[in-house]
Amino acid sequence: MKLFERVTGLRGTLPVILSAILLTVAFSVLTQAHAKLEKTVPADKAALTAAPTSLQLFFSEKPDATVSKIELKGPSGMVKLGPAHIMGGKTLMAPIAGPIEDGSYIVSWQTSGDDGHVQKGEFTFTLKHAK
């Protein structure tokens, strides 16, 4: 170690550099453990001409059903949904049980992944029935 320090002049810097590298690796492992929303059906900002029958959220890892929630809010307020459940391993799905009229909708969701950290988000879509 002394030879390395003499040659490079990094006497007290090496431990600092190694610590920074270890912290960066640890942080990236932690941030990758969250369940990330990868895709939705309907898609975010979709313009639909027919009412969807369900909401599907595809995550990077299996969502925790015990903390998962999906809500749908439209022009007339909250739309009734059936119970949210896991399907296909990494997909959270809720059937739409109430009527949907033309207008803008916001889907709010909550879940957690393997690390137990609760993630929340939302996406939107619009509906204008084809005539």
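Helices (H or I, at least four residues) and strands (E, at least two) are DSSP runs, numbered here from the N terminus. Under that convention, Ser54 has its place in strand E3.

The structure is a predicted model, in which local features need pLDDT of at least 70, side-chain atom pairs count only at pLDDT 80 or more, and totals for chains, interfaces and linings use all residues. Residues are numbered from 1 along each chain as its sequence is written, and side-chain values use heavy atoms, with hydrogens and water left out.

**Overall organisation**

The protein chain has 2 helices and 9 strands. Read from the N terminus, its elements follow the order α-α-β-β-β-β-β-β-β-β-β. Of its 131 residues, 29% count as buried, where buried means under 20% relative accessible area, exposed over 50%, and partly exposed in between (1.4 Å probe, protein chains only). The chain exposes about 8400 Å², and carbon and sulfur atoms supply 62% of that area; accessible areas come from the Shrake-Rupley method with a 1.4 Å probe, and for residues only the protein chains shown count as cover. Contact means heavy atoms within 4.5 Å. Among contacts between residues at least 6 apart in sequence, 58% join residues at least 24 apart.

**Confidence**

The average pLDDT (the predictor's confidence in each residue, from 0 to 100) of the protein chain is 84, and 75% of the residues score at least 70. Over residues 25-31 the pLDDT is below 50, and this stretch has 2 contacts in the model beyond near neighbours in sequence. Where pLDDT is low, the predicted coordinates should not be read in detail.

**Nonpolar core**

A nonpolar core is a set of buried Ala, Val, Leu, Ile, Met, Phe, Trp, Tyr and Cys residues joined through side-chain atoms within 4.5 Å. The largest such core has 20 residues, and those with the most contacts inside it are Leu55, Ile70, Leu72 and Phe125. At least two residues of this core come from each of strand E2 (46-48), E3, strand E4 (69-74), strand E7 (91-95), E8 and E9. Not counting residues up to four places away in sequence, Leu72 touches Leu55, Gly77, Met78, Val79, Leu81, Ile96, Tyr105, Ile106, Val107 and Phe125.

Ser54, in strand E3, counts as buried because its relative accessibility is 14%. With residues up to four places away in sequence left out, Ser54 touches Val41, Pro42, Met93, Ala94, Pro95 and Ile96.

**Aromatic pairs and a charge over a ring**

Rings of Phe, Tyr and Trp (its six-membered ring) pair if their centres lie within 6.5 Å; planes under 30 degrees apart count as stacked, over 60 as edge-to-face and the rest as tilted. A search of the whole structure finds 2 aromatic pairs, as tabulated below.

| Pair | Geometry | Centre to centre | Angle between planes |
|---|---|---|---|
| Phe59 and Trp109 | edge-to-face | 5.2 Å | 70 degrees |
| Tyr105 and Phe125 | stacked | 5.3 Å | 10 degrees |

The pair of Phe59 in strand E3 (residues 54-59) and Trp109 in strand E8 (residues 103-112) links distant parts of the chain, 50 residues apart. Phe59 is buried, with a relative accessible area of 1%, and Trp109 is buried at 8%. The pair of Tyr105 in strand E8 and Phe125 in strand E9 (residues 118-127) also links distant parts of the chain, 20 residues apart. Tyr105 counts as buried at 2% relative accessibility, and Phe125 at 1%.

The charged end of Lys39 sits over the ring of Phe58, 4.8 Å from its centre. A charge sits over a ring if NZ of Lys or CZ of Arg is within 6 Å of the ring centre and within 35 degrees of the ring normal.

**Loops and backbone geometry**

Most residues other than glycine have a negative phi, and most peptide bonds are trans. The peptide bond from Val41 to Pro42 is cis, with omega near 0 degrees; Pro42 is found in the loop between strand E1 (37-41) and E2. Lys45 also belongs to the loop between E1 and E2, and its phi is near 70 degrees, a positive value in a residue other than glycine. With a relative accessible area of 65%, Lys45 is exposed.

His117 lies in the loop between E8 and E9 and is partly exposed, with a relative accessible area of 45%. The C-alpha atoms of His117 and His34 are separated by 6.8 Å, although the two residues are 83 residues apart along the chain. Not counting residues up to four places away in sequence, His117 touches His34, Thr111 and Ser112.
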